[in-house]
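Visitor: I have not looked at this model before, and I would like to learn how to read it one feature at a time.
Guide: Then let us open it together.

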Amino acid sequence: MFEQLLTILNSNLYALVGYLSDANQRIYYGYLLSTLVLTIPVYFFYHHVDSSKNHTSKKTAAGFIGFLFPKRIWLAKSAKHDYGLWIINRFIRALIFAPIIVAMVPIAIGFSDWLSSWFGDISPLTKDRSTIIFFFTLLLFIIDDLTRFILHFLLHKVPILWDFHKVHHSATVLTPFTIYRSHPIESYFYACRMAIAQGIAVGIAYYLFGPRISMMDIAGANIFVFLFNLMGANLRHSHVWLSWGNKLENLFISPAQHQIHHSDNPLHFDKNLGSALAIWDKLFGTLVKASTINYKAGERLQFGVGGGDKGHPRLIDLYLLPFKQNFERIRNRLPTQLTRTKMKHE
């Protein structure tokens with residue numbers, strides 16, 4: 001038994017290190033390097049040094065490092081919780097949830113059979129391999145992004161789910177590791193969502209084109225996901241403000257827009273729920289553009305749950321409080337997360 005646990009420990013520690021070389025992970029070294037490149041013009045051309053706290057307003061390489069890695073953020077209690085969750089959750093998933101994740105293959109087969117039963121069998125629409133690969137890759141990207149939005153929407157709107165998602169929003173500072181700040185229950189939902197999204201995409205593509213389907217990828221990641229992550233995905237959870245402008249933010253969620261999503265201002269609650277595409281937020285009326293924040297005039301966001309919520313002061317609270325809050329909600333028959341949503345209208 002001890003040897004098995006030791007094997008699991010070693011394999012998962014190795015897997016954590018492997019995140020840097022896995023293009024399906026947000027902290028993949030390629031995405032981190034692109035983030036670094038995108039941050040350079042932000043610092044040298046858009047970031048204003050506070051002369052009251054600095055001896056000089058001159059931009060320097062040393063100043064850039066300080067801008068990128070301020071101790072008040074990277075060593076904050078909230079950030080340390082992010083690091084802890086990143087490590088601990090990896091072991092929880094391996095020990096508990098990995099064996100019971102919804103499987104993609106039966107979903108793909110079942111969905112393809114369902115299409116056949118409703119619309120009848122058809123001949124492959126095309127045998128051109130390039131067309132099939134492009135269509136399947138794009139379809140997978142769109143379905144994956146849509147299902148992310150739907151689940152994220154439910155996590156905000158369904159009270160018992162919000163109690164778990166609130167762990168992510170309790171971050172008071174943002175770093176690239178905040179992406180891993182999630183309760184294991186939420187992580188399980190997202191893992192099942194991924195299997196469902198992939199199953200639906202494969203089922204549709206199999207029905208339309210037959211078994212000759214494959215994904216266009218870079219380093220094993222969907223090419224569209226790879227390109228989006230290169231465009232500063234790690235800045236979504238950071239103190240670096242990067243807007244893409246109003247026109248582009250009608251189509252894609254910029255890093256600045258996602259920071260608005262984390263704002264503790266009631267005006268920003270449940271906004272910018274999309275992952276990559278902004279079209280879902282536009283359809284649901286939840287899209288907020290970065291231009292609503294006058295960043296050049298010194299306006300800044302504060303992050304956290306808001307609504308008078310005291311947050312999760314200890315690492316153990318991040319794991320146990322959602323269950324306690326669920327129990328109290330059910331016992332007291334609380335219908336909605338009134339504390340957070342009512343403030344929007346007050």
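Visitor: What does the pLDDT say about the chain, and where is confidence lowest and highest?

Guide: pLDDT is the predictor's confidence in each residue, from 0 to 100, and where it is low, the predicted coordinates should not be read in detail. The chain averages 88, and 88% of the residues score at least 70. Confidence is lowest in helix H14 (residues 338-341), with a mean of 50, and highest in helix H11 (residues 255-261), at 98. Over residues 342-346 the pLDDT stays under 50, and the model has six contacts for them beyond four places in sequence, a contact being heavy atoms within 4.5 Å.

Visitor: How many helices and strands are there?

Guide: Helices (H or I, at least four residues) and strands (E, at least two) are DSSP runs, numbered from the N terminus. The chain has 14 helices and two strands. Among its contacts between residues at least 6 apart in sequence, 76% join residues at least 24 apart.

Visitor: How do I describe two helices that pack together, and at what angle do H7 and H10 cross?

Guide: Two packed helices are described by the angle between their axes and the distance between the axes. Here axes are lines fitted to C-alpha atoms, for helices over the stretch in contact, and angles run from 0 to 180 degrees between N-to-C directions. The axes of helix H7 (residues 129-157) and helix H10 (residues 223-230) come within 8 Å and cross at roughly 55°. H7 and H10 are therefore oblique to each other, given that angles under 35 degrees count as roughly parallel, over 145 as roughly antiparallel, 65 to 115 as roughly perpendicular and the rest as oblique. Phe134, Thr137, Leu138 and Phe141 of H7 meet Ile223, Phe224 and Val225 of H10. By class, this contact of H7 with H10 has six nonpolar, one polar and no charged residues, where Ala, Val, Leu, Ile, Met, Phe, Trp, Tyr, Cys and Pro count as nonpolar, Asp, Glu, Lys and Arg as charged, and the others, Gly among them, as polar.

Visitor: Which residues make the contact between H2 and H10?

Guide: H2 and H10 pack at an angle of about 35°, with their axes 8 Å apart. Gly30, Tyr31, Ser34 and Leu38 of H2 make the contact with Phe226, Asn229 and Leu230 of H10. The residues of this contact divide into four nonpolar, three polar and no charged.

Visitor: What should I look for in a nonpolar core?

Guide: In soluble globular proteins, nonpolar side chains tend to be buried together. A nonpolar core is a set of buried Ala, Val, Leu, Ile, Met, Phe, Trp, Tyr and Cys residues joined through side-chain atoms within 4.5 Å; buried means under 20% relative accessible area, exposed over 50%, and partly exposed in between (1.4 Å probe, protein chains only). The largest nonpolar core has 16 residues, of which Val42, Phe64, Phe67, Val240 and Leu242 touch the most other members. Helix H2 (29-46), helix H3 (61-68) and H7 are the elements that give two or more residues to this core, and H3 gives the most, with three.

Visitor: How much of the chain is buried, and why is H8 called largely enclosed?

Guide: Buried residues make up 45% of the 346 residues in the chain. Helix H8 (residues 159-169) has 10 of its 11 residues buried, so H8 is largely enclosed by the rest of the structure. Among the buried residues of H8 are Trp162, Phe164 and His168.

Visitor: Where should I look for a positive phi?

Guide: Most residues other than glycine have a negative phi, and most peptide bonds are trans. Ala219 has a positive phi of about 55° although it is not a glycine; Ala219 is placed in the loop between strand S1 (217-218) and strand S2 (221-222), and at 51% relative accessibility counts as exposed. Asn272, also not a glycine, has a positive phi near 50°, and lies in the loop between H11 and H12. At 0% relative accessibility, Asn272 counts as buried.

Methods: Residues numbered from 1 in each chain as written. Predicted model: local features only at pLDDT ≥ 70, side-chain atom pairs only at ≥ 80, totals over all residues. Heavy atoms only, no water.
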